[in-house]
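Let's take a friendly walk through a protein model, looking at a pocket, some helix pairs and a loop. Keep the picture open as you read.

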Amino acid sequence: MKFMKQGSRGASVRTVQERLNRNGFGPLSVDGVFGPKTDLAVEQFQLSSDLVADGIVGPRTWAALLVESRVVATDAVCDEQQRLMVLADKHCSNGGALSVLEAAISDLGAVEIPNGSNWGAEINHLVNGYNEYWGVKGDKHYPWCAMAVSSWIRIGLGCRSWESHPFEAFYGGVAQIEAWGKNRATFSAADSGDVAAGSIFTMGRGGSGSDPSKSVRAGHTGLVVCDAGDKVVTIEGNTSNGVRSLLRSKSDLRGFVRWWS
């Protein structure tokens with residue numbers, strides 16, 4: 001087969017983009033143009049498949065992309081959870097942060113039901129009670145990446161109430177998390193150097209895989225499993241409407257919040 005990499009074009013690239021979307025590594029425009037977003041998605045897919053993360057679609061990557069229902073397959077999810085736990089154990093030096101990562105990794109593959117609802121049996125333990133906590137009227141459910149981070153910290157630390165949570169509240173907004181970090185001088189810019197495993201990353205909503213927004217201030221967030229040089233391995237909610245692990249470039253991020261003392 002012909003190797004595909006950044007700069008390639010054509011029908012085969014469209015197939016790659018379709019398969020990446022189907023496997024939860026989008027959303028990508030299926031336009032047949034192998035650009036930077038497709039390159040990053042390929043690297044994320046390769047990392048999750050124990051392949052060399054070089055962004056080049058060769059025979060092994062092509063074969064892995066063609067496996068049906070990869071993201072939802074129980075065996076594949078279990079294998080990915082085990083791989084992430086090995087990374088977390090190796091890189092996370094704080095016991096509380098490691099427990100939080102364990103809670104998040106255990107949710108890998110959980111999705112919204114129905115799709116696009118920000119709700120459902122598989123994620124209710126992460127989002128349930130948010131509307132009641134903030135007095136939100138009606139049945140609308142909101143993007144839940146920050147809710148997931150809040151809930152994973154609560155679950156991992158065994159907090160009995162939101163008052164005993166490090167945030168002292170049930171945060172559902174990326175701006176809340178960033179403000180909390182900045183007020184405590186625990187927020188660091190994405191280009192500031194190494195980042196601690198278990199910390200929270202923040203980024204803009206565009207290109208994150210989270211729900212689209214008309215607001216340029218809208219953000220996305222999740223947890224860092226480990227530092228990978230100019231990238232980080234993450235575990236995050238509300239990405240392609242589920243809990244996913246991705247390889248994100250630090251250049252795409254706004255910063256990191258170290259939430260423990």
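## Some ground rules

Ala, Val, Leu, Ile, Met, Phe, Trp, Tyr, Cys and Pro count as nonpolar, Asp, Glu, Lys and Arg as charged, and the others, Gly among them, as polar. This is a predicted model, in which local features need pLDDT of at least 70 and side-chain atom pairs count only at pLDDT 80 or more, while totals for chains, interfaces and linings use all residues. Residues are numbered from 1 along each chain as its sequence is written, and side-chain values use heavy atoms, with hydrogens and water left out.

## The largest pocket

A pocket is an open set of points on a 1 Å grid over the protein atoms alone, where a 1.4 Å probe fits and protein lies on both sides within 12 Å along at least five of seven lines; lining residues have an atom within 4 Å of a point. The largest pocket has a volume of about 570 Å³, the volume being the space filled by probe spheres set on the points, which are joined across faces, edges and corners. It is lined by 32 residues, and P27, L28, K37, G207 and S208 are the closest to its centre.

Helices (H or I, at least four residues) and strands (E, at least two) are DSSP runs, numbered from the N terminus. The helix α2 supplies the largest share of the lining, six residues. By class, the lining has 11 nonpolar, 15 polar and six charged residues.

## Two pairs of helices

Axes are lines fitted to C-alpha atoms, for helices over the stretch in contact, and angles run from 0 to 180 degrees between N-to-C directions. The axes of α1 (residues 11–22) and α2 come within 11 Å and cross at roughly 55°. Contact (heavy atoms within 4.5 Å) is made by V16, Q17 and L20 of α1 and T38, A41, V42 and F45 of α2. These comprise five nonpolar, two polar and no charged residues.

In the other pair, α5 (residues 95–105) and α8 (residues 145–157) pack at about 120°, with axes 8 Å apart. G96, S99, V100, A103 and A104 of α5 meet W152, I153, I155, G156 and L157 of α8.

Most residues other than glycine have a negative phi, and most peptide bonds are trans. What is the peptide bond from I113 to P114? It is cis, with omega near -5°. P114 lies in the loop between α5 and α6 (124–127). N118 lies in the loop between α5 and α6, and N118 has a positive phi of about 60° although it is not a glycine.
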